[in-house]
Amino acid sequence: MKVVSVNVGQPREIPWRGQMVRTSVFKTPVNGRIRARKLNLDGDAQADLLGHGGEHRAVMVYQTEAYQYWSDTLQRNDFVYGQFGENFTVEGMADNEVCIGDRFRIGSAIFEVTQPRVTCWRVGISTGVPEMPALLISHKRPGFYFRVIQEGDVGAGDVIEKIADGNEKMSVADVDGLLYLKDHPVDKLQKALEISALSNAWKQSFQNLLDAASQGITKGNAGLNGVAAPPAWAGFRPFVVQRTRIECEGVRSFDLIPSDGSQIPVFTPGQHIAVRLSVTKDSAPLIRMYSLCGPQNAGYLRIAVKQETNGAGGTYMHQHIKNGDKVEISAPRGTFTLSADKGPLVMFSAGIGITPLLSMLYHVASHDPARELWWIYSCRNGAYQAFAEEVQELGKQLSSFHSKIIYSSPDSGEQCGINYDIKGHLDLALLQTLQLPSNSECYICGPQQYYHNITTALTTIGIPGSQIKSELFENDMEASANGGKTPHLPLDNTGEGPLVTFSKSKVSFKWNPQFGSLLEAAEACDVPVSWSCRMGVCHRCESGMIDGQVTYSPNPLDPPASGNVLLCCAIPISPVDLDL
């Protein structure tokens, strides 16, 4: 085994699909010796630190044998070393022979194999083969990462000496397939978790797969998309409004029960439902998202709807939906939910943002009343304070409940210390006076500026970002996640195919084959989505599909979870409603 080429590259902007993207996938061979350091080689850097880089992904390795394999398979003879994004092009070290945890001496440095390559669309750019992210996995030739155990100098021609075996002797190809391909045998997952050198991110993925298996979740890839129970049903079901009432100025609640008398679906506090409203016979139905805001075992699902000046859905529900009326709703879904942690909780909300946190408060009062909980709620004044009596009563059930009600513009008759606690707006100075526990888990729901201010303040007082979870109002969420852009209809809205609805974004249009996939359609509408491989491998684009049917091209290596869709390779074959 030996090093054939040492390659480095710096991040740069390149044109791609009509936009500029930043990447350092293009690596160039260097002459002479170079220093291998803890985070990378001298002269090398990573552009996307979410998917690449860090101590466990300091040096990327790919084999000359793999270059020959792709040359033969693709009938090409123009590949050059570094084109697959690797730092070391090596002779030997096949993916089905090298094991995670193996250690090697190269030059004066010592390296340890930590994980297979992370699938990424950029290798499709560098090789000119868009399908390459999927091909690397399905052909079991991903390549792998080194961690630098001992810094030192390396160069082309250096002999690679193996000095230690990984403790479980699982090959790079086996570990890669265990995560990305369809089969996830429990015994192999357990074995992989015992590999001491395996990076924490991969261990978490395998633990998620084990957790899903223990819960009987067999569809989808929990290792790539997290553990989540499938929605109780696909599409929409008719529910009846059992009761509706005004909760505060501009906010009306609706208690919903199944029209067929069936059981109320189980939901996790913090989840939401989609409501489909047929406003007129000739227009497409309106689909709006509302958080569930009642207790889990109440015998009904409760939502609260704010009537906005230009809000068609809220206005319709306020003015036309009465007791006994039917509405169509989706099954509960969403990931803005309480974690399994048991430390102090801090719940921040503003206005109608109270709704998902109220269901969480009900859950804590019922299941963990001794848990320390801070309830920090902001609104204009008492007329706009939703669910005030409920929160007060729930707080009495908790042994360590701290409530701070903040009015920005109290009425003349409202007194500080009686009707509310603080006048003004929540900011850093106020947060510092509260002396929140440093191990608090914080949940935030409100408009974008509120979220930004609170998140910044929490970070300033020392709350780690990993302990801050948030959900923004629909329009704010879309604009914030997409660089301030507001979702819109595609510029070329001439499609004649199935109706595509991005429900959270309130965008509906007929499918046009020019998009190629639902991911491309979302991008054309500035609907923010996450993605990486664009070939049905990594599952980063996996999203909720409330209703509808799709076909896949290409077929994903592992299908999505029930009720979800892989946007990057999905094409609608019926009207689809997406939780985006």
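Valine 113 is found in strand E9 (residues 109-116), strands (E, at least two residues) and helices (H or I, at least four) being DSSP runs numbered from the N terminus. The structure is a predicted model, in which local features need pLDDT of at least 70 and side-chain atom pairs count only at pLDDT 80 or more, while totals for chains, interfaces and linings use all residues. Residues are numbered from 1 along each chain as its sequence is written, and side-chain values use heavy atoms, with hydrogens and water left out.

Valine 113 has a relative accessible area of 0% and is therefore buried; buried means under 20% relative accessible area, exposed over 50%, and partly exposed in between, with a 1.4 Å probe and protein chains only. Contact is taken as heavy atoms within 4.5 Å. Apart from neighbours within four places in sequence, valine 113 is in contact with Val98, Cys99, Ile100, Gly101, Asp102, Phe104, Phe144, Tyr145, Phe146, Val172 and Ala197. The C-alpha atom of valine 113 is separated by 48 Å from that of alanine 350, which is 237 residues apart from it along the chain.

Strand E1 (residues 2-8) is mostly covered, with 5 of its 7 residues buried. Two strands are said to pair if DSSP finds at least two bridges between them. E1 pairs with strand E7 (residues 88-91) in the antiparallel sense over 4 bridges, and valine 3 has valine 90 in E7 as its bridge partner. E1 is also joined by 2 bridges to strand E4 (residues 28-29), again in an antiparallel arrangement. Here the bridge partner of asparagine 7 is proline 29 in E4.

An open sheet is formed by 6 strands in the order E16-E15-E18-E13-E14-E17, with antiparallel pairing. Its edge strands, each pairing on one side only, are strand E16 (286-291) and strand E17 (301-306). On average, neighbouring strands of this sheet are turned by 40 degrees against each other, direction ignored. Axes are lines fitted to C-alpha atoms, for helices over the stretch in contact, and angles between N-to-C directions run from 0 to 180 degrees.

Within this sheet, strand E15 (residues 272-277) is largely enclosed by the rest of the structure, because 6 of its 6 residues are buried. Both faces of E15 are covered: His272, Ala274 and Arg276 are buried on one side, and Ile273, Val275 and Leu277 on the other. E15 pairs with E16 in the antiparallel sense over 6 bridges, whereas 2 bridges join E15 to E18, also antiparallel. Valine 275 takes part in both pairings: it stands opposite arginine 288 in E16, and its bridge partner in E18 is isoleucine 329. Strand E18 (residues 326-329) pairs in turn with strand E13 (residues 237-248), antiparallel and over 4 bridges. In that pairing, proline 238 has glutamate 328 in E18 as its bridge partner.

Two packed helices are described by the angle between their axes and the distance between the axes. Helix H5 (residues 186-193) packs against helix H6 (residues 200-214) at an angle of about 150 degrees, the axes lying 9 Å apart. The crossing of H5 and H6 is left-handed, a term that applies if the near helix is turned anticlockwise from the far one by less than a right angle, right-handed being the clockwise case. Val186, Leu189, Gln190, Ala192 and Leu193 are the residues of H5 that meet Lys203, Phe206, Gln207, Leu209, Leu210 and Ala213 of H6. These contact residues divide into 8 nonpolar, 2 polar and 1 charged; Ala, Val, Leu, Ile, Met, Phe, Trp, Tyr, Cys and Pro count as nonpolar, Asp, Glu, Lys and Arg as charged, and the others, Gly among them, as polar.

Histidine 184 lies in the loop between helix H4 (172-180) and H5. Residues up to four places away in sequence not being counted, histidine 184 touches Leu178, Leu179, Leu189, Leu209, Asn221 and Asp558. The C-alpha atoms of histidine 184 and glycine 223 are 39 residues apart along the chain and separated by 9.6 Å.

A search of the whole structure finds 0 disulfides, a disulfide being a pair of cysteine sulfur atoms within 2.5 Å. The closest cysteine sulfur to that of cysteine 120 is in cysteine 538, at 8.7 Å, which is too far for a bond. Cysteine 445 is likewise in no disulfide, the nearest cysteine sulfur, that of cysteine 293, being 11 Å away. Cysteine 120 counts as buried at 6% relative accessibility, and cysteine 445 is buried with a relative accessible area of 4%.
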